[in-house]
Every structure is written in structure tokens, then in C-alpha cells.
Amino acid sequence: MTSLALGPSWLDPTTLISTFGLIGILAIVFAESGLLIGFFLPGDSLLFTTGLLVAGGTYLHQPLWLVCALIVVAAVAGDQVGYLFGRKVGPSLFRRPDSRVFKQENVEKAAAFFDRHGPKAIVLARFVPIVRTFTPIVAGVSRMNYRGFVVFNLVGGVLWGGGVTVLGYFLGQIPFVRDNIEAILVGIVLVSVIPVAVELLRARRSGAAAADRHRAG
């Protein structure tokens, strides 16, 4: 395995897994799924690398079904905590000042994503970095129906937590993937941020259009 040459070395998926093992994976998945401090963690590349390492028996020696089951539980639990936090904090979250680990724009992005996609945003957000951390919190702030949230949370947790890990497991057995894993992980990171870039571009265009209408009026 090679290390992912993107971002701080301590955020490299292989380094994290070799250092903290399965417990570290579960902690990161839980944090990224609903804790304010987890938005910067490498969720997609971490899960893909987890599946790849399970396939190769490197660092992780548990069966795939157990790893996937535990990851899904951690992902679902993280979203549940995020939802309950949002319900407790409420609208005050949108008035919270920026800090090193909290940016108001991240909450606003998640709110816009939730407004655009409705309840299914709980599933879709799983595959969008940063947005996946804040969407369950926004769902709690919006007081989304709890039963509905639980259903979408379970579906999203299985599709993302189990799906990406299984994908890494089977693709990791292909020689080309094993030989080019660093490039593939970089590709996963780049693909995963495309939705964020699209949302930012849309917001910028909408803002410019609104400004033009204001000047014209």
C-alpha cells in the first residue's frame, strides 16, 4: 500500500488504519456522520481503503460482513447524534460565530442542500463531503419527522458505509487497482468534492443574478 499524497499525512487513510485499526475507522465514521468537528475527516477514501485492506488481510483481519456491519452502525449512530444535537440547539446554530473548527457557511450549504432535496437529502448527503456532516444537524434543526429521519438514515448508512467499503473490497482484488491505488484514492476525493463545487457555483450564479435584478430594479 502507498500513502495518499493529499492533505496532512495524519489524515492519510492507510496511516489512520494502520495506527488505530477498526476502532479508529468506526470513530472517524461516527464523527464525520454528525459531529461538528468531523467535517474534515476522509470518509469516502477511508471506507474504500478499509475494504481494500480487508481484501488483502493488511492491518484488518476481521471478516468483511462484520466490518461493514460495524461501519453502518457507526454511521447511523453518528447521524442520530447529529439530528438530536440539531433539535436541541435549534436556530441558534445559524447564529453561532465562526471558529477554527466551525464555519457558518458549512451549515448554510447543508441547509440549502436539505431544502433542495427534502428528506432524501439524508441519503444523498452521505456521498457529499462536509454536507454529510451537517445535514443530519440541519434535519434536527428543521424538526424533520423523526421516524422518517430514522428510515432515511438507515438507508444512507447502509448504501454509503457498506457500499463504499464493499466496493473497495472487490475492486481491491483487481491488480490494476492495487497497483494504482494512490491515483484512485485521489480520484475518489476529487469526485466526492464535485457536488460541493457544483453547489458553490450555483450559489454564486444565483447571487450574481439576484444582484443584477436588484441593480435593474
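The legends below describe several close-up views of one predicted model.

In this predicted model, local features need pLDDT of at least 70 and side-chain atom pairs count only at pLDDT 80 or more, while totals for chains, interfaces and linings use all residues. Residues are numbered from 1 along each chain as its sequence is written, and side-chain values use heavy atoms, with hydrogens and water left out.

**View 1**
Helices (H or I, at least four residues) and strands (E, at least two) are DSSP runs numbered from the N terminus. Residues 63-86 are 96% helix and 0% strand, and their end C-alpha atoms lie 35 Å apart.

The expected span of a helix is 1.5 Å times one less than its number of residues. Helix α2, residues 43-56, has 14 residues and reaches 20 Å from its first C-alpha to its last, close to the 20 Å expected. Helix α3 has 26 residues that should span 38 Å, and its end C-alpha atoms, 37 Å apart, agree with this. Just after α2, Gly57 takes a positive phi of about 65 degrees, and α3 is followed by Gly90, whose phi is positive as well, near 65 degrees. Helix α2 is mostly covered, since twelve of its 14 residues are buried (under 20% relative accessible area with a 1.4 Å probe and protein chains only, whereas exposed means over 50% and partly exposed lies in between). Among these buried residues of α2 are Asp44, Leu47, Phe48 and Leu52.

The side chains of Arg132 and Glu32 meet in one of them, at 2.9 Å from N to O. Arg132 lies in helix α6 (residues 131-141) and Glu32 in helix α1 (residues 13-32), so this pair ties together parts that are 100 residues apart in sequence. Arg132 is buried at a relative accessible area of 3%, and Glu32 counts as buried at 1%. Arg132 also meets the side chain of Asp44 in a salt bridge of 3.2 Å, N to O, a pair that links distant parts of the chain, with Asp44 in helix α2 and Arg132 in helix α6, 88 residues apart. Asp44, at 10% relative accessibility, counts as buried. Through shared partners, salt bridges join Glu32, Asp44 and Arg132 into one network.

**View 1. The salt bridge between Arg126 and Asp79.**
The closest N and O atoms of Arg126 and Asp79 are 3.3 Å apart in this salt bridge. Because Arg126 lies in the loop between α5 (121-124) and α6 and Asp79 in helix α3, the pair ties together parts that are 47 residues apart in sequence. Arg126 is buried, with a relative accessible area of 1%, and Asp79 counts as buried at 2% relative accessibility.

**View 2. Aromatic pairs.**
Rings of Phe, Tyr and Trp (its six-membered ring) pair if their centres lie within 6.5 Å, and planes under 30 degrees apart count as stacked, over 60 as edge-to-face and the rest as tilted. The structure holds three aromatic pairs. One of them is the tilted pair of Tyr83 and Tyr146, 5.5 Å centre to centre with 50 degrees between the planes. Tyr83 lies in helix α3 (residues 64-89) and Tyr146 in helix α7 (residues 146-171), so the pair ties together parts that are 63 residues apart in sequence. Tyr83 is buried, with a relative accessible area of 0%, whereas Tyr146 is partly exposed at 39%. Tyr169 and Phe170 form an edge-to-face pair, 5.1 Å centre to centre with 85 degrees between the planes, and Tyr169 is partly exposed at 22%. Ring pairs also link Tyr83, Tyr146 and Phe149 into a cluster.

Notes:
A salt bridge is a side-chain nitrogen of Lys or Arg within 4 Å of a carboxyl oxygen of Asp or Glu.
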